[in-house]
Amino acid sequence: MATFDDILEEAGSFGKFQKRIFGLLCLVSIPFPGIYVGIVFQGFTPDHWCHDPGVKPLQERCDWTPRELRMVTVPLLNTSTGTVHSQCEKYEVDWNATALTCDDLGDNQHTVLPITVCKDGWEYDYEGRESFVTEFDLVCTDAWLADMFQATLSVGFLIGSIATGYLADRFGRKMSFLMSCLLNGITGILVAISPNYIALLVFRTLYGFGVKGGWMVAYVLITEVVGVEYRRTAGVVFQMFFSLGILLLPLVAYLISSWRWLQVAITVPYFFFLSYFWFVPESPRWLLSQRNSSRAVEITKAIAKENKKTLSKNIETLKDDSESIAASFMDLIRTPNIRKHTLILSFNWFTSAVVYQGLVMRLGILGGNVYVDFLISGIVEFPAAILILCTIDRIGRRLPFATANIVSGAACLIAAFIPESMFSTGVKAFLLKIFHADMFWFKTAVACIGRLGITLAFEMVVFVNTELYPTFIRNLGVSVCSTLCDVGGIVAPFLLYRLAVIWLELPLIIFGALAFVAGALVLLLPETRGVPLPETIDDIEHPNRNKEDTVKSHQMETLLHSDVATNKESVTV
C-alpha cells in the first residue's frame, strides 16, 4: 500500500501548489516579531522626573527654559555612571512660598532642602511619542509592572502552544490556524483599546494564547505538504520571514508614534490571514491520520493537477503510515540517554529565549537611536539561516550548535566589559583622527555577533530536538522541551530590566554565562548528521549496537551475494 510520501513524489514535492501555499504561510511570520519584541517600541521608558504643580509659576517668574528649570528643581543623584537628575524624587518645598530668590536657586544654594518621592505624577522627555509606560506611569516603584507586559505574553504562549497543538491534532491544521487568527485579531484590537493596565495584561495574555500556536500550526502545515527533501529548507526560510518582520518593525514604529495605533498595525494582518480559508487546504497527512482518505485523495489530486503531474493507480491504496503508540511524559525521563537529551535541550530552549529576547529588548534601554540599532541588529539575523543551510549537512549539527552558543556567550561577556571610551580625552581624540571610529561602534559590532550566534542557536535547537527522540514521542518531546522557551520569555524581562537598574551591563554577564553553559552541554549530545531518525527508544539508548547490527547485516548480505556468485560459477563449470 502506498504512503503519502510515495504519492507526494508523484504529485510533486515542491511544485507550483506547494510554492503558493509556502508563500502565503510565510507571511504569517512577518507580524509575529511585532508581538514578540514590540515592547521595545510600545513600552519604552523615556527620561522622566517628578511633576511639581508649583514649578510653572516659578519658571515664569525666573524666565527659565524647561532645561534650566529642571536643573534647578530636580535633585541630583550619584550613580555608577556619574551624577544624574533623580527620576523618582523631588524637593519637598513650595517654590512660590520659599524665601529663596531666583539667583539663590540658580547658584544651587537649595541643595539642603528636604527631598520626598513623587506624589503628583511625572514629566516625560519624549517628542510626541507615547508608550503604555508613559500613559499608565509605570516608572519608579511601579516599573516592574511594565515587565508584566512581556511576561503575560509568554504565559499566553506557554498555554496557547500546548492547547493549539492539541486542537490542531483534534480538529485539523487549517481550522486551528484560522481560529487562532480570529482570536489574534480580536484580542489584538482589545489590547489597543484597553482602558487600564489590568485589562491590558488580561488581553495581552489572550493575545499570546493564539499568536504562537497559530504560528506553529502554519509551520507544521508547510512541512506536511512539501516533500521530505524540502522540509528543512522550507523550515529555515519560514523562520527567515520572522527576521524580515524584525527589519520592518522599526520602520512601522517610526511612522506610528502612538503605541495603541502601533498595536492596531501589528494586528491588522491577522484579519487578512482569515482569507486563507479559500486559498489554503487542509493537510492531507492529517486527514489520513483521521481515516478521511477520500478527502486526502481529493486534495492530493488537486496538488498533482496544479503541479501538472500525473498520479499512478497507487493513489487508490493511499494510507496512513504512522504508528499508533501511546506516549507519556515519563518516556522523556525514564531512560538515561533520553533523560539527558530532555534536560540539555530544555536548558537550550530556555537559554535561547532568555538571551535572544534579552538582547533585543536591551536595545530599548541603551539610550541610542533605537530604530537604527534595532534595524542593524535585525540585519545580522539573516546570515544565521544561510550558515545553517551551509553547515548542518557538511559539518553536522552538534559543532555549529555548540559554537553558536559559545560565540554568543563570549560576545555578551566581551560587550559587557567594553567601556564607551577606553582612552583619556587626549589619546582618544588622537586615535579618532586616525581611525575615525569610536568604541561605541566596536561594542555594537560585538553585540551583533552575539545576536547572530543566539539566533543561529535558536534555529538549530528546533532541528536537533526533532532528531533526538524516537518517532512515537518526537512531537511530545519537542512540545515539552519548547515550553522552557516560554518560561524563558517570562523570566527575560525581569532579568533584563531589574538587573539593568543595578548595572546596565549586568544582564549581559548573565546572558553570557547561560550561553556558555548551554554550548558546553550541547557537546554532550550525539551527532545526528547522516543518522536515520530513531524509531524506538532502543535506537537512542544503544546506538552503537544498532550500528553493529547494521554492519553485520551488510556483511551477511555481501557474503550471501558472494556465495550465490560462487555457486553460479560452479554450475557453469
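**Ring cluster**

I started with the aromatic cluster, where ring pairs link Phe 32, Tyr 36, Phe 157, Trp 215, Tyr 219, Phe 238, Phe 242, Trp 349, Tyr 356 and Phe 458. For pairing I used the rings of Phe, Tyr and Trp (its six-membered ring), with centres within 6.5 Å; planes under 30 degrees apart count as stacked, over 60 as edge-to-face and the rest as tilted. I kept in mind that this is a predicted model, in which local features need pLDDT of at least 70, side-chain atom pairs count only at pLDDT 80 or more, and totals for chains, interfaces and linings use all residues. I also noted that residues are numbered from 1 along each chain as its sequence is written, and that side-chain values use heavy atoms, with hydrogens and water left out.

How many aromatic pairs does a search of the whole structure find? My search of the whole structure gave 27 aromatic pairs. A pair of aromatic rings is described by the distance of the centres and the angle of the planes.

I looked up Phe 136 and Tyr 197: their ring centres are 5.7 Å apart and the planes stand at 50°, so this pair is tilted. Phe 136 belongs to helix α8 (residues 132-136) and Tyr 197 to helix α11, so the pair ties together parts that are 61 residues apart in sequence. Helices here are DSSP runs (H or I, at least four residues), and strands are E runs of at least two, numbered from the N terminus. Both Phe 136 and Tyr 197 are buried. My cut-offs for that: buried means under 20% relative accessible area, exposed over 50%, and partly exposed in between (1.4 Å probe, protein chains only).

Next came Phe 277 and Trp 278, an edge-to-face pair at 5.3 Å centre to centre, with 85° between the planes. Phe 277 has a relative accessible area of 42% and is partly exposed, while Trp 278 is exposed at 66%. I found Phe 277 in the loop between α13 and α14 (284-289). Its C-alpha atom is 7.7 Å from that of Lys 174, and these two residues are 103 apart along the chain.

**Charges over rings**

Arg 204 lies over the face of Phe 149, at 3.8 Å from the ring centre. The charged end of Arg 170 sits over the ring of Phe 171, 5.0 Å from its centre.

For helix pairs I used axes fitted as lines to C-alpha atoms over the stretch in contact, with angles from 0 to 180 degrees between N-to-C directions. The axes of α9 (residues 144-171) and α11 (residues 197-225) come within 6 Å and cross at roughly 40°. That makes α9 oblique to α11; the classes are roughly parallel under 35 degrees, roughly antiparallel over 145, roughly perpendicular from 65 to 115, and oblique for the rest. The crossing of α9 and α11 is right-handed (the near helix is turned clockwise from the far one by less than a right angle; anticlockwise is left-handed). I sorted the residues of the α9 contact with α11 into 17 nonpolar, ten polar and two charged. Here Ala, Val, Leu, Ile, Met, Phe, Trp, Tyr, Cys and Pro count as nonpolar, Asp, Glu, Lys and Arg as charged, and the others, Gly among them, as polar.

How do α10 and α11 cross, left-handed or right-handed? The crossing of α10 and α11 is left-handed. Their axes come within 8 Å at roughly 150°, which makes α10 roughly antiparallel to α11. Their contact holds 14 nonpolar, six polar and three charged residues.

I also followed α10 (residues 173-192) to α13 (residues 259-273), where the axes come within 8 Å and cross at roughly 160°. α10 and α13 are therefore roughly antiparallel, and α10 passes α13 in a left-handed crossing.

**Loop and helix residues**

In the loop between α8 and α9 I looked up Asp 137 and Cys 140. Asp 137 has a phi near 55°, a positive value in a residue other than glycine, and Cys 140 has a phi near 55° too. Asp 137 is partly exposed at 25% relative accessible area, and Cys 140 is partly exposed at 23%.

My last stop was Ile 246 in helix α12 (residues 231-255). Ile 246 has 0% relative accessibility and counts as buried. The C-alpha atoms of Ile 246 and Glu 381 are separated by 9.0 Å, with the two residues 135 apart along the chain.

Definitions and conventions
A charge sits over a ring if NZ of Lys or CZ of Arg is within 6 Å of the ring centre and within 35 degrees of the ring normal.
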